[in-house]
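Trainee: I've got a model open and I'd like to learn how to read its features. Can you walk me through it?

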Amino acid sequence: MYSNIIMLNILYTIYYLWNKGPTYSPDSLNNNYSVVYIHGAGHCGSTLLNLLLNAHPKVIGLSEVSNLHKTLLDGAVNSDNLKLANTKFWSSVFKNFESITGTPLLSEEYRFSILDWQEYFSLNRDEIEYYQEVNEIFFDVVQKQGPYRVICDASKFLQRAHLLLSSGTPIKVIHLDRDGLGVANSYLRKGRTMTDALQRWGMAESGKLLLSHWLPNKSLLFCKYEKLAKDPKKELHRICDFLDIEFSDEMITDFRKTDNFGISGNRMRHSTDPRIYLDNSWKKNMPTKDKYEFWVKGGWLSWPIDIT
């Protein structure tokens with residue numbers, strides 16, 4: 001019953017947001033760089049895509065910017081997070097940001113965390129403009145850390161995409177799809193419930209529909225995790241064309257060797273394995289009853305669905 005309520009909420013979200021698209025204006029874009037925003041469900045392959053893009057000499061992959069404070073401030077007691085926060089890259093970003101604003105980036109004032117839609121639409125115009133200004137300064141400071149033409153933000157949530165698009169930030173969006181059963185299985189393996197998985201995956205699916213309604217084709221690209229993992233060169237060529245940068249073999253050969261300053265993400269970011277391979281373990285390991293539960297409660301959002 002609760003899952004049915006979630007699906008109704010997802011349908012209502014689509015209905016409510018259909019004509020509330022961002023005030024996107026391509027004419028306002030900054031010509032020095034652009035931001036590529038990866039949208040999708042959790043466990044959709046965004047960490048892999050961020051790592052591959054990060055290995056391009058003109059791209060910096062920041063991964064989940066929305067978790068900036070959670071990772072580098074709240075989570076700084078973790079040795080890996082503390083090490084990341086003290087890198088030359090982030091130290092320079094912190095210093096330069098504070099020199100512009102007069103306030104440390106990791107202060108409570110500049111939280112990048114995601115709001116739910118009710119909170120988001122309760123923000124007044126001044127609050128939204130302030131959030132947007134902070135992001136613009138942040139991205140400008142990041143871009144100046146190297147010869148970057150593209151900054152990758154893999155926060156995945158539609159609320160952040162909507163806010164950035166409304167701000168005039170030079171942004172393009174990649175919706176990264178993964179088979180819903182693979183997403184659900186990853187949530188279940190981490191001790192989450194099917195309800196959690198359906199809610200997160202369902203919102204990403206509704207976001208895909210909304211983004212296609214809101215944005216021109218030149219600003220939105222659909223990409224499947226399965227295709228990226230099976231044929232990364234072909235998919236990365238397509239992504240580079242979308243981002244107006246030349247394809248670089250380093251994206252495949254050096255993605256484990258390139259310095260990674262990304263915020264949080266899947267644990268595979270810590271691996272040294274240079275292989276790119278498709279994780280379809282759910283097909284063998286996911287119980288059939290869970291596959292049918294997913295299909296009955298939410299699979300209609302992505303027909304046809306493979307339960308074999």
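Mentor: Let's begin at a helix start: a side-chain oxygen of D179 comes to within 2.9 Å of the backbone nitrogen of L181, at the start of α9. That's a polar contact (a pair of N or O atoms within 3.5 Å; within protein, one must be able to donate a hydrogen and the other to accept it, and residues adjacent in sequence count only if both atoms are side-chain atoms). Helices (H or I, at least four residues) and strands (E, at least two) are DSSP runs, numbered from the N terminus. Keep in mind that this is a predicted model: local features need pLDDT of at least 70, side-chain atom pairs count only at pLDDT 80 or more, and totals for chains, interfaces and linings use all residues. Residues are numbered from 1 along each chain as its sequence is written, and side-chain values use heavy atoms, with hydrogens and water left out.

Trainee: Why is helix α9 largely enclosed by the rest of the structure?

Mentor: Buried means under 20% relative accessible area, exposed over 50%, partly exposed in between (1.4 Å probe, protein chains only). Eight of the 10 residues of α9 (residues 180-189) are buried, so the helix is largely enclosed. Among them are L181, V183 and Y187.

Trainee: What covers the buried residues of α9?

Mentor: The cover includes α10 (194-214), α14 (282-285) and α15 (288-298).

Trainee: Which residue takes a positive phi just after α9?

Mentor: G191, at about 85°. S63 has one of about 60° although it is not a glycine; S63 sits in the loop between β2 (59-61) and α3 (68-74).

Notes. Contact = heavy atoms within 4.5 Å.
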